[in-house]
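Trainee: Could we go through this protein together, one question at a time? I would like to learn how to read it.

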Amino acid sequence: MIKLSSRSSTLPFWVRGDTNAFFGLGINVLVNVLTLSGLCLFVVHIPKDDVFGSILPALGIALVVGNAYYTYLARRLAARENRTDVTAMPYGPSVPHMFIVVFLIMLPIYLKTNNAVRAWQAGLAWAFIIGIIVLIGAFVGPYIRKWTPRAAMLGTLAGISITFISMRPAGQMWAQAWIALPVFALLLIGLFTDLKLPGNIPIGLAALLVGTAIGWIGGAMSVPDVSAAAKDIAFSFPNFHFGDLFDGLKEVGPLLATAIPLGVYNFTEGMTNVESAATAGDNYNLRSILLADGAGAVIGAALGSPFPPAVYVGHPGWKAAGGRAGYSLATGVVIAVLCFLGMFSVLGALLPTAAIVPILLYIGLLIGAQAFQATPRAHAAAVVAALIPNIASWAAGQMDNALAAAGTTASAVGEDALNNAGVVYGGLNTLGQGAVLAGMVLGALVVFLIDKKFIGATVVAAVGSVLSFVGLIHAPEVGWNMNGQVALGYLFVAVVCAAFAATRPAPRVRDAEEIELDRLHGGGAVVQPGEEPAGSIVPAADVVPAPRAVPAEEAVPAEEKI
């Protein structure tokens, strides 16, 4: 293990901005744990004792260990670079995986067997497989990051944040706008400006208290609900569930169809989040991040949690809020204690959802903006291209959920009937399958075409063809010849690009603004193998971003921001 230098011991463990970031990330994780608790109880019908006595305590262990590790990485980076403005990576239960493991893995088994324990066992096996794949990705991911353009990674990340992180909270907010909008306004003022609240009250805490007060005064909450929830309070510490895990692994075959692409999703999302942190000025080692994610999923599954944890989107947001190293560890410890005590039932009855979810929309705004701000203007179209598969995936999911609520499916209705109603279900569903990888492929392809680097474009199109053929993108499952027509389309693109490459065109010349962006942020390489054109981008893994020049009117220490 690498030892911290003596300088690290002088770094503050807590600054004022950590309070803001703690309430922001803590509320984010709190919402997610409340959500997954409800899914276990009311969708899969796992017994309450197992949810509060095994699943949540297991998740609590994974969270406290993971956040402690990310705090260590932040302090190590600060010591190595002699800086006091390093922000730890945020960490918590993976949001997309919460819904996927419930609706695609556990629920079908429960409906087939009427046995919630068997469904839980399958979820444990699935999470374990996810962790193994991410551990493998820790050794492959750095090479993918090195050669993937920044616009492709940040654009894909923005697609995730706009759809799966922002849209549901936005809908929940406007369903009770009288509670949510004042909270949202407070967060925007406190986190996007240098204004302070009286007494330097943390904006996250103030916003939550205001929203909760409005909800209770307005009659949105119920005292009997809190009294009933208080009966669930009891201390529980996790035990190993090797027997349940091994029982789930006995039928591993059907699980691989979703575990393989979603494991790849985990390490590609981890790559984009590390790129996002590097863009904000904190250049973490990707392998260290992915090893933590994979180990968290494996340990959590062994202890009884079917919900893989992951490094979160949003590092730039917590950095902008003044968070440094302490907020991450504090979040892990507090959430773990709440899990051990079975407090989430009470918290769900005390806090209005509309007062909690605006923080997720704030993160969506920040990450979406970063994708355009930290990439060259010439690559804006590539950012949009990388967004589109995630938008398609979200839209197809909404259609599936609506049809399921009506007691039917898209296949039962028929694609012709949907097309006649103006719903392009089939194409959106195909485009959105494997959305993270698909977004990176499309974004990288557009970058290489814009830059007239046709050898790189040929390689990317060929990779897209292979990924489509084996079902990692644009297909419902992994296999052989899963979507031949899409694979053929990418192959034709590769042929077109190879033909242009044969003409040996000069690469696009970068302007001064683009060169300055690369100096400030680093980024994925967009250099063809064997080529070193003028203005090539240095891989982010080899760059220590220079600090941004701050205008005098913005020169407010982050630790002083509220």
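This is a predicted model: local features need pLDDT of at least 70, side-chain atom pairs count only at pLDDT 80 or more; totals for chains, interfaces and linings use all residues.

Trainee: What percentage of the residues in the protein is buried?
Mentor: Buried means under 20% relative accessible area, exposed means over 50%, and partly exposed lies in between (1.4 Å probe, protein chains only). Among the 562 residues of the protein, the buried share is 56%.

Trainee: Which residues touch the most other members of the largest nonpolar core?
Mentor: A nonpolar core is a set of buried Ala, Val, Leu, Ile, Met, Phe, Trp, Tyr and Cys residues joined through side-chain atoms within 4.5 Å. The largest one has 101 residues, and those touching the most other members are Ile46, Tyr284, Phe307, Ile335 and Phe344.

Trainee: Is Thr331 buried or exposed?
Mentor: Thr331 sits in helix H13 (residues 326–341). Contact means heavy atoms within 4.5 Å, and Thr331 touches Phe22, Leu25, Gly26 and Val29, leaving aside residues up to four places away in sequence. Phe22 is 309 residues from Thr331 along the chain, yet their C-alpha atoms are separated by 6.0 Å. With a relative accessible area of 2%, Thr331 is buried.

Trainee: Why are H5 and H16 called roughly antiparallel?
Mentor: Axes are lines fitted to C-alpha atoms, for helices over the stretch in contact, and angles run from 0 to 180 degrees between N-to-C directions. The axes of H5 (residues 150–175) and H16 (residues 358–373) come within 8 Å and cross at roughly 150°. That makes H5, relative to H16, roughly antiparallel, because angles under 35 degrees count as roughly parallel, over 145 as roughly antiparallel, 65 to 115 as roughly perpendicular and the rest as oblique.

Trainee: How many charged residues does the contact of H5 with H16 have?
Mentor: Residues of H5 including Leu154 and Trp174 meet residues of H16 including Leu361 and Ala371. Ala, Val, Leu, Ile, Met, Phe, Trp, Tyr, Cys and Pro count as nonpolar, Asp, Glu, Lys and Arg as charged, and the others, Gly among them, as polar. By class, this contact has 13 nonpolar residues, six polar ones and, for charged, no residues.

Trainee: What is the crossing angle of H22 and H23?
Mentor: H23 covers residues 484–501, and H22 is roughly antiparallel to H23. Their axes come within 8 Å, and the crossing angle is roughly 165°.

Trainee: Which residues does Val460 touch?
Mentor: Val460 belongs to H22 (residues 454–470) and is buried, with a relative accessible area of 12%. Not counting residues up to four places away in sequence, Val460 touches Val441, Ala444, Leu445 and Phe448.

Key
Residues are numbered from 1 along each chain as its sequence is written. Side-chain values use heavy atoms; hydrogens and water are left out. Helices (H or I, at least four residues) and strands (E, at least two) are DSSP runs, numbered from the N terminus.
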